[in-house]
Amino acid sequence: MQVKDSHTAAATHALPSYLDPSHVGPWGIYLQQVDRVTPYLGSLARWVETLKRPKRILVVDVPIEMDDGTIAHFEGYRVQHNLSRGPGKGGVRFHQDVTLSEVMALSAWMSIKNAAVNVPYGGAKGGIRVDPKKLSTAELERLTRRYTSEIGLLIGPTKDIPAPDVNTNGQVMAWMMDTYSMNTGATATGVVTGKPIDLGGSLGRVEATGRGVFTVGVEAAKLTGLNLQGARVAVQGFGNVGGTAGKLFAEAGAKVVAVQDHTGTIFNNNGFDVPALLEHVGNTGGVGGFADSEVMDNADFWAVDCDILIPAALEGQITKDNAGQIKAKLVIEGANGPTTPEADDILTDKGVLVLPDVIANAGGVTVSYFEWVQDFSSFFWTEDEINARLVRIMQEAFAGVWAVAQEHKVSLRTATFIVACKRILHAREMRGLYP
Ligand code: NAD
């Protein structure tokens with residue numbers, strides 16, 4: 001009978017087309033990561049299917065009038081992967097290569113990350129398939145406002161709270177906050193995080209992800225006997241995350257010897273003057289053309305002689321083709337999903353310790369959580385308080401993941417997934433299924 005058929009196991013587990021398990025790309029990588037931890041979930045494994053399906057996917061058309069009077073259409077997304085532990089939380093990316101698969105994977109990694117550092121959020125992510133560098137400021141504002149209105153169905157201070165990601169910043173968050181507030185009739189600072197300080201932003205938020213990368217790097221260096229004094233560091237992506245992490249490692253006595261971004265790869269065997277390099281990036285938009293450096297081929301970046309490698313640009317950068325060349329002892333994933341599963345295995349076999357994105361770059365969302373709490377209470381903390389709380393949360397989360405990795409003799413990535421998936425599925429089990 002019809003009703004009975006819909007209750008067969010086959011029907012229950014039939015996947016929508018966009019969740020095809022043979023799917024390659026970021027979502028396929030995420031699914032493999034979940035499969036790897038399932039044997040460690042005990043009785044909670046009966047809920048694991050919930051992690052393999054985003055709760056909600058919204059695809060929106062974002063039409064805007066360009067400065068020359070033409071109408072352009074862009075494709076936007078907001079995905080809420082899992083809301084078992086709290087409202088959705090995750091950034092918004094503006095990039096010409098954004099796809100639904102990518103946003104789905106990024107939203108899922110947010111679920112894992114938020115659970116790994118134990119902030120009370122589910123996972124979400126958004127994006128627009130656009131090269132924002134080709135838009136004027138006025139076009140970018142119109143794009144942001146229309147996108148915010150389109151995803152207004154899903155977002156809200158207690159529902160889903162966006163934040164900056166690649167090519168979005170405090171100004172974009174200010175436009176999003178204003179648009180949401182105008183649409184709902186009340187100023188709602190808590191609808192986004194990563195806002196400018198004068199609009200309910202938090203001190204320390206801009207540097208938070210890089211500071212978290214640095215904090216887990218210091219902890220891992222202590223545990224593995226790596227001396228940071230004079231340690232050689234290579235950084236891919238010298239934006240918000242890579243630039244801050246590079247600065248903090250240099251301040252701790254390490255030498256940043258190679259940096260790659262979208263403008264090229266530069267090298268200085270003695271270590272860059274990082275503040276001067278950051279100023280150059282601020283003035284010119286990239287590391288290319290920095291005076292005190294040798295230019296390298298982009299492909300040679302991965303083979304640079306270094307102790308610490310920080311991928312902090314885009315996903316899928318460390319692959320089976322370049323992982324074998326990596327000389328670093330420690331890879332700290334500032335970016336989301338920078339290492340493919342094949343590359344992960346190659347690095348593990350070589351004895352390289354990988355600090356995975358889902359813990360290493362969780363500093364940003366941790367201070368976003370502080371920002372959201374401060375917005376709700378309208379009481380703001382000092383930067384020292386914020387940094388001290390951030391470091392404590394990152395250290396505790398990292399210690400917990402390290403212990404699970406030792407206990408099960410698994411990688412830190414699998415250990416982080418074990419900790420996070422257990423928290424999410426335990427919440428799911430306690431809440432039960434509605435209705
Ligand atoms: P950003 O826009 O500030 O910087 C991105 C950097 O990547 C730039 O230096 C850019 O030149 C470089 N880049 C872009 N394309 C490149 C390419 N093809 N090859 C080499 N370099 C390239 O972005 P961000 O906020 O620093 O984010 C970087 C990564 O960190 C992303 O994966 C993002 O998802 C992740 N992340 C960011 C935050 C945050 O709080 N900003 C938090 C967690 C994770």
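**Overall form**

A compact globule of 435 residues would have a radius of gyration near 22 Å, and the protein has 21 Å, so the two agree. The model is predicted. The protein contains 14 helices and 12 strands.

**Dimensions and packing**

- Of the 435 residues, 57% count as buried.
- Among contacts with a separation of 6 or more, 69% are between residues 24 or more positions apart in the chain.

**Surface and charge**

- The protein has an accessible surface of about 18100 Å². Carbon and sulfur atoms make up 53% of that surface.
- There are 39 positive and 47 negative charges in the protein. The mean position of the positive charges and that of the negative charges are 8 Å apart.

**Aromatic pairs within helices**

- The whole structure holds 12 aromatic pairs.
- One of these pairs is formed by Trp 27 and Tyr 30, with 5.0 Å from centre to centre. Their planes are 35 degrees apart, and the pair is tilted.
- Both Trp 27 and Tyr 30 belong to helix α3, which covers residues 26-37. They are three residues apart, or about one turn of the helix.
- Trp 27 and Tyr 30 are both buried.
- Phe 398 and Trp 402 also form a tilted aromatic pair, with ring centres 5.9 Å apart and 45 degrees between the planes.
- Helix α13, residues 383-408, holds both Phe 398 and Trp 402. Four residues, about one turn of the helix, separate the two positions.
- Phe 398 counts as buried because its relative accessibility is 2%, and the cut-off for buried is under 20%.
- Trp 402 has a relative accessible area of 18%, so this residue is buried as well.

**An aromatic cluster**

- Which residues do ring pairs link into a cluster? They are Tyr 121, Tyr 369, Phe 370, Trp 372, Phe 376 and Trp 381.

Methods:
Residues are numbered from 1 along each chain as its sequence is written. This is a predicted model: local features need pLDDT of at least 70, side-chain atom pairs count only at pLDDT 80 or more; totals for chains, interfaces and linings use all residues. Side-chain values use heavy atoms; hydrogens and water are left out. The radius of gyration is taken over C-alpha atoms; the globule rule is 2.2 Å times the number of residues to the power 0.38. Buried means under 20% relative accessible area, exposed over 50%, partly exposed in between (1.4 Å probe, protein chains only). Contact means heavy atoms within 4.5 Å. Accessible areas come from the Shrake-Rupley method with a 1.4 Å probe; for residues, only the protein chains shown count as cover. Lys and Arg count as positive and Asp and Glu as negative; His and the chain ends are not counted. The place of a charge is taken as NZ of Lys, CZ of Arg, CG of Asp or CD of Glu. Rings of Phe, Tyr and Trp (its six-membered ring) pair if their centres lie within 6.5 Å; planes under 30 degrees apart count as stacked, over 60 as edge-to-face and the rest as tilted.
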